[in-house]
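Hi there,

Here is the model I promised to pass on.

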Amino acid sequence: MNSPVSRRNPLTGVHLDLYNKIWWLLFFRAVVASILLTVTLIVNFRSPSRMLHPAVNFLFIVIIFTYGATLVSLPFLQRVSNLRLLAWTQIGLDLMVATGLVYLTGGVESLFSFMYTLSIINGSIIFYRRGAYTTAIASMVLLCLLTWLQYNRFLPDLDAADFAVHQQPVDRLMFRIALNAGGFFFVAALAAYLAGLLREKGDQLTETRKDLAKLTTLHETIVASLPSGLLTLDSAGRVQYVNPAVSAMLGMHPLGLLNKSVDELFPHDPRAAGIITQLVRGERIHDGDGISYTRPDGGQRILAVQAIALAGPDPKSTGHLVVMSDETDLRAMQAQVMESQRLAAIGKLAAGIAHEIRNPLASVSGSIQLLRSNPGADEKQRRLMDIVVREVERLNKLITDFLRYARPPALDKKPCELNALIQETVSFFRNDPRFQERVAVETNLSINALWADVDAEQFRQVLWNLLSNAAHAIPAGRDGRITVATRSEKRPRGGEWVVVDVTDNGHGISSEDMTRIFEPFFTTREEGTGLGLPVVRRVIDGHGGELSVKSRVGEGASFTIRIDRIELEEGQKRPVSGVGRGVSAQVE
């Protein structure tokens, strides 16, 4: 049974403990009064003639007084602010009830003198040692006062027996008082000792609970702060706990993961579910590539997974702990390192190739043009010579694009307002005859100025490459749409990004091609060079930015650029460098 803490005056700590003790004292008093009332009614119903006896009438008065004191005290318990005074008042009322019962049943010789000991115990429970001895002294004083009043016949004898206090020798009364007093103080000493021991253990328990709460909080904080995902499975293979890292990796709310089986966690990726099931069973697997997981939002993640058996009190396993780590960024960094190593080798080779191939190409082109200007050349020869010149120019463009990727020019970064730069590039793209009939380009630019330190020419090249790739990704006959959007975004470590999204409604990128789209010379178009996206990535990396892509096959793709945003004073703002000039060579 729980004590009802007041809603108007909520209590905590020591006051709440005192509140509960007083509440239990009132409850115990009501129980005792009910027992006395029940016994009195049973006895008097068996002997109706005793109902009119003065002792019985006085007993009913004591019981009514007990009930009344309890009922009156309850509202005070809900509203009074001085609980200590209320507690002492309740102990005093208990002593008065005990004195009334002792007077009713023979005074100092009464068997109900044990009621004083109950009050002493209550005092020790509420106020410990002080309460025990104070209540014992008060009990002795009340018993002495009652005996004196009865001996001097200030109070009439109500006991039905022949015993009368005023007829007893003084030494016998003194002996009975001393005997009761000894009992009172013995009970007080024992109750005080036990109450002190209980208080000590209670304090220890409170400290233990606090330490346990701190340890639990620390444990939960550590688990919640781990970058690795922790997921526990019960013996039936259902999820019992997930930390925030797991929900972030899987892209699902923690509550949506609980009580699910492994198969339900990966409904669209049975391979991932199979690998985890094998690990839980203790089977060894060789999966150096990790689990490729597709999130509900379409994002691709690479997860490394381990399963550890959780041993309970018995030797049998009570479940498993599944540890997940997101290695997507690590694999991307490894790929970038490998790409950088390849590019370093390519760059060394590129310088030699440029001189060894470009010079002969220039000689071939010049020679063919001289031959073409010869008046003796017929139309067929001129046509063949035009083909040679055109192919030489195409080969020269390919070498130029390759050198731009392998040895990009140094960045000339200056503050630029990207909305204006994007609007200018989109305007040129819309007027390109290769694309203006195939796609419609829409812009959704931020209403706020977005400044960043960029190389304007190289950033235009990035935008042009993304727009060109998006246009080529839209199948013929489809109502092609490309959207360029800008916004600002908070960075996890402070500051802001300028975010540029280029989205199309083309055929999308398959999961197999997704891992290769930034590789040099990888292309899905016959006329493509496979250098457009690698150049984009190289330029964005050089700016210290981020490049990401999301795609669903048949629905299109979205490339997202993130560049550090800067804030400029009004006097520092100026037009974008090079506004009004065209966009140079387009790498596709």
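Let me start with Phe154, which counts as exposed because its relative accessibility is 55%; here buried means under 20% relative accessible area, exposed over 50% and partly exposed in between, with a 1.4 Å probe and protein chains only. Phe154 sits in the loop between α4 (114-151) and α5 (170-225). Helices (H or I, at least four residues) and strands (E, at least two) are DSSP runs, numbered from the N terminus. Leaving aside neighbours within four places in sequence, Phe154 is in contact with Trp148 and Leu149, where contact means heavy atoms within 4.5 Å.

Two notes on how to read all this. The model is predicted, so local features need pLDDT of at least 70 and side-chain atom pairs count only at pLDDT 80 or more, while totals for chains, interfaces and linings use all residues. Residues are numbered from 1 along each chain as its sequence is written, and side-chain values use heavy atoms, with hydrogens and water left out.

Arg153 is exposed, with a relative accessible area of 61%, and has a positive phi of about 60° although it is not a glycine. Tyr128, in helix α4, also has a positive phi of about 60° without being a glycine. For context, most residues other than glycine have a negative phi.

Now the overall picture. The protein has 14 helices and 12 strands, and 39% of its 588 residues count as buried. Among contacts between residues at least 6 apart in sequence, 65% join residues at least 24 apart.

Next, the strands. Five of them form an open sheet with mixed pairing, in the order β7-β9-β10-β12-β11; two strands pair if DSSP finds at least two bridges between them. β7 (439-444) and β11 (546-552) stand at the edges with a single partner strand each, so one side of each has no neighbour in the sheet. On average, neighbouring strands of this sheet are turned by 15° against each other, direction ignored. β11 runs antiparallel to β12 (residues 556-564), and seven bridges join the two; Ser548 has Thr560 in β12 as its bridge partner.

Two helices lie across this sheet's strands. α11 (residues 418-430) lies across β7, β9 (480-490) and β10 (496-504), at about 170° to β7. α12 lies across β7, β9, β10 and β12, at about 170° to β12. For these angles, axes are lines fitted to C-alpha atoms, for helices over the stretch in contact, and angles run from 0 to 180 degrees between N-to-C directions.

One residue I would point you to is Asp455, in the loop between β8 (451-454) and α12 (456-472). Which side chain of opposite charge is nearest to Asp455? That is Arg460, 7.0 Å away, and Asp455 is buried yet has no salt bridge, meaning a side-chain nitrogen of Lys or Arg within 4 Å of a carboxyl oxygen of Asp or Glu. For charge, Lys and Arg count as positive and Asp and Glu as negative; His and the chain ends are not counted. Not counting residues up to four places away in sequence, Asp455 touches Ala410, Leu411, Asp412, Lys413 and His543.

Best wishes
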